[in-house]
Amino acid sequence: MPLSESDTRAKLIDPALHACGWTEDLVRREETEGAIEIVDGRPRKRAKGRVDYTLRVKVNSDTQAVAVAIIEAKAEHLPPGHGLEQAKVYAACKRLNVPFVFSSNGHLFVEFDQFSGLTSSLRPLSDFPSPAELLARYEQGHGFKLSDPAARPLITRYSGGEGTRRYYQDAAIRAVMERIAAGEKRALLSLATGSGKTFIAVNLLKRIADAGQLRRALFVCDRDELRRQGLGAFQNVFGADAAAVSSGNPEKNARVLIATYQTLDIDTEDGTANFLMANYPENYFSHIVIDECHRSAWGKWSKVLSRNPEAVQIGLTATPRQLRTVTGRAAPRTKGYLATGDEGDAKIIADNLKHFGEPVYEYDLAQGIEDGYLAACEIIRCDIFLDQKSQREQETGVERADLVNKSLRDATTGQPLEVATARERYEAASFEDRLLLPERVAAMTQDLFNHLLNTGGPEQKTIIFCARDRHADDVAAAMNNLYAQWCVSNGKARLDPYAFKCTASVGGSDYIADLRDGSRHHFVATTVDLLTTGVDVPVVRNIVFFKYVRSPIAFYQMVGRGTRLDPPTGKLMFRVYDYTDATRLFGQKFISQFSPPRRKGRIGLEPEGPPEPTILVEGFDVRVTDAGRYIVTHVDGKAMPVTVEEYKERLAAKLVEEAPTLEAFRHLWIVPTERREMLGRLPDAGRSAALVQALEEMTEYDLYDVLAELGYGMAPRTKIERADAFNYKHDAWLSGLPTRAAATLKALAAQFARAGTDGLENPQVFQTPEVVRAGGLAALKVIGKPADALRETKERMFAA
């Protein structure tokens, strides 16, 4: 019988690699996270997701191993290059930051060399290159030697070992170090929100420091919250050598400084940078890390870089920014609108990519979801219609004629207004800004509240992005009213405060801890911009767009507030409720429009006149309708939404590709290693099955039944029904066994009814009270090996 993928690796590939000099310390298993499932109300990690085997090289036994290749095992009966399409090869090189990819069926292998772009012909596994050969090719391709002084950080060990780092974090750190070793001083890393950019910064600087190449480092972030988080992370590794800069203390005795743009006085275009220049001479820092380097792009943070031209400069972001400069008819040149007229600053501010270069490593939202490190994302799109119009509000806006027979008042004074006071037309983006529509707020909040009721209840941590402060007030009030009415109707005690405004105007940063830590209060935050970035709130389950968003940068930062997993609460996924078509921005390039600020006395100043009133209009009939559910997944290398049905179709197609028949699927399912390998090859690395299970509200069903229905049309049974069917369908077999052995197998079936396949295979299953009382292992040993009995039980459990 041909060997499976895992057996091919263990019995054929591993011995051949060892014979070629690849010792155990040079071969590393890079395992991604598994999905999280809820069993008896508690979160539990499923088996690991995808497993990548990387080959690493060392300069000597005491140095850090450096990954240079990935090797994929194929089942013995498949061609060695099976599934090794060019796109997959390039993706593997990029994902793991390695230049070589190998694939083998245990007898032959093929190799892809990213440096040359060539794929080799088939070769016997006995000809596999040795570590010394791959080291030489790696060094030649990169243009440096690992023994070079500039490459010393690459071969410096992680100070705390490699147990806690993730594969992509190591890949990102190596990518920066490789760029430095090649003689470059600038590097950009683009990683999705929640992927651990601070961990990368800390370990990158620590290895540079341990290599003896860090004089002083500056970590610049955008907000006090980020500074607090960063300080804790750096002090865990650097101790007292890391300190937070404050306006009264430049902390010049510390080796690693953590500062905000505001403290350095470089947060606005008018910033003088006095604190920076007064306390830190030119080239004071040897290394600078700009966190969220897309932020404050209209400010003067480039002064940090331009005053330290000899420093290694590293940018961290989830959204690298490019600017399209817009100057207006009367102002054809950008230079005249900068506070200093410094074109060098303009260049740095205007385009991350021009300053730092293309990202040396990228890890996007879709990859994070696929790997199991970020929460899966479901999108619920909703359309809004005004006054029985057949087109959505974003397509029609509001014409002055639409305001006839409506009640118009000044939103500030409450005084009645004539229709002639209004603009000729209001685009939808100006709703709740220049034109307030109370019925629209009421309809949208009612629809959102209904969605919350249908997905676990109203007491879910939720962030609603609003157009303006007044809009945030109105939405918070409406949500509080709906919650109070619901509590009365259902005889529930209110958990106040329920909805609250969290904006800069009300000191909203003080509420962030309440949103994050309060389990029985502060559930719904209404905000404008305050919660777009720099806030780590893993418990957030819903991101809501009540505001129109034009910038992909802002959009991704807003969505990023929901991407973190929260194991204590079992958070596996989050939802985006899109009322303004914001999710159209998935997959768009991060290009922002830069309109230089207009100043008094300059050409292009807007003419003065009476301010335009903000108008409150009552009398609109507002309808909100569902416009479909979507899942964010990889599409052509980008994080893109696809409909739930299309997502299920993708999953079913891949499942049938892996197991063409229900019988083949059943055979794979009952063997744990083969099941994990199969699940790992499904879309989103096996999390897709658990996600569909949650979306279809099939938590009472084992994943076997979820997938069998999806791929093969089998009528699903709940876990309880399947366990009951095992008892009556195999009664004759059970009756022929010794009484205590049969009782033990029935007790095992009861464990399946409670926790499914994973419960049946749990190593502690034979220590559960029910199984022990029935007879336990001793009873099964009477009829043979307990493992054989368990396997037959599974075969019969999943039999037709």
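The lining of the second largest cavity is made up of four nonpolar, no polar and four charged residues. In this predicted model, that lining draws two or more residues from each of helix H22 (719–729) and helix H27 (786–797). H22 gives the largest share, four residues. The residues concerned are Arg717, Arg722, Ala725, Phe726, Lys729, Arg796, Met797 and Ala799.

## Cavities

The structure contains two cavities of 30 Å³ or more.

| Cavity | Volume | Element with the largest share of the lining |
|---|---|---|
| Largest cavity | about 40 Å³ | helix H4 (residues 167–181), three residues |
| Second largest cavity | about 30 Å³ | H22, four residues |

The largest cavity is lined by Glu30, Thr54, Ala67, Leu96, Val98, Arg165, Tyr167, Asp170 and Arg174. By class, this lining comprises four nonpolar residues, one polar residue and four charged residues. Helix H4 (residues 167–181) supplies three residues, the largest share.

How many of the five residues of strand E11 (residues 217–221) are buried? Five of the five are buried, so the strand is largely enclosed by the rest of the structure. In a regular strand, side chains alternate between the two faces of the sheet. Both faces of E11 are covered, with Ala217, Phe219 and Cys221 buried on one side and Leu218 and Val220 buried on the other.

E11 runs parallel to strand E13 (residues 256–260), and five bridges join the two. Within this pairing, Phe219 is placed opposite Ile258 in E13. E11 is also parallel to strand E14 (residues 287–290), to which four bridges join it. Here Ala217 faces His287 in E14.

## Cysteines

Cys221 has a relative accessibility of 0%, and therefore counts as buried, the limit being under 20%. Cys466 likewise has a relative accessible area of 0% and is buried. A disulfide is a covalent bond between the sulfur atoms of two cysteines. The structure holds zero disulfides.

## Helix H16

Helix H16 (residues 552–559) is mostly covered, seven of its eight residues being buried. The buried residues are Pro552, Ile553, Phe555, Tyr556, Gln557, Met558 and Val559. At the start of H16, a side-chain oxygen of Ser551 comes to within 3.1 Å of the backbone nitrogen of Ile553. Ile553 is itself one of the buried residues of the helix.

## Thr63 in a loop

Thr63 is located in the loop between strand E4 (51–57) and strand E5 (66–73).

The side chain of Thr63 makes contacts with the backbone at two residues, Val59 and Asn60. A polar atom of that side chain lies 3.4 Å from the backbone nitrogen of Val59. The side chain of Thr63 also reaches the backbone oxygen of Asn60, at 2.9 Å.

Note on methods. Residues are numbered from 1 along each chain as its sequence is written. This is a predicted model: local features need pLDDT of at least 70, side-chain atom pairs count only at pLDDT 80 or more; totals for chains, interfaces and linings use all residues. Side-chain values use heavy atoms; hydrogens and water are left out. On a 1 Å grid over the protein atoms alone, a cavity is a set of points where a 1.4 Å probe fits but cannot get out, and a pocket is an open set with protein on both sides within 12 Å along at least five of seven lines; lining residues have an atom within 4 Å of a point. Grid points are joined across faces, edges and corners, and a volume is the space filled by probe spheres set on the points. Ala, Val, Leu, Ile, Met, Phe, Trp, Tyr, Cys and Pro count as nonpolar, Asp, Glu, Lys and Arg as charged, and the others, Gly among them, as polar. A disulfide is a pair of cysteine sulfur atoms within 2.5 Å. Buried means under 20% relative accessible area, exposed over 50%, partly exposed in between (1.4 Å probe, protein chains only). Two strands pair if DSSP finds at least two bridges between them. A polar contact is a pair of N or O atoms within 3.5 Å; within protein, one must be able to donate a hydrogen and the other to accept it, and residues adjacent in sequence count only if both atoms are side-chain atoms.
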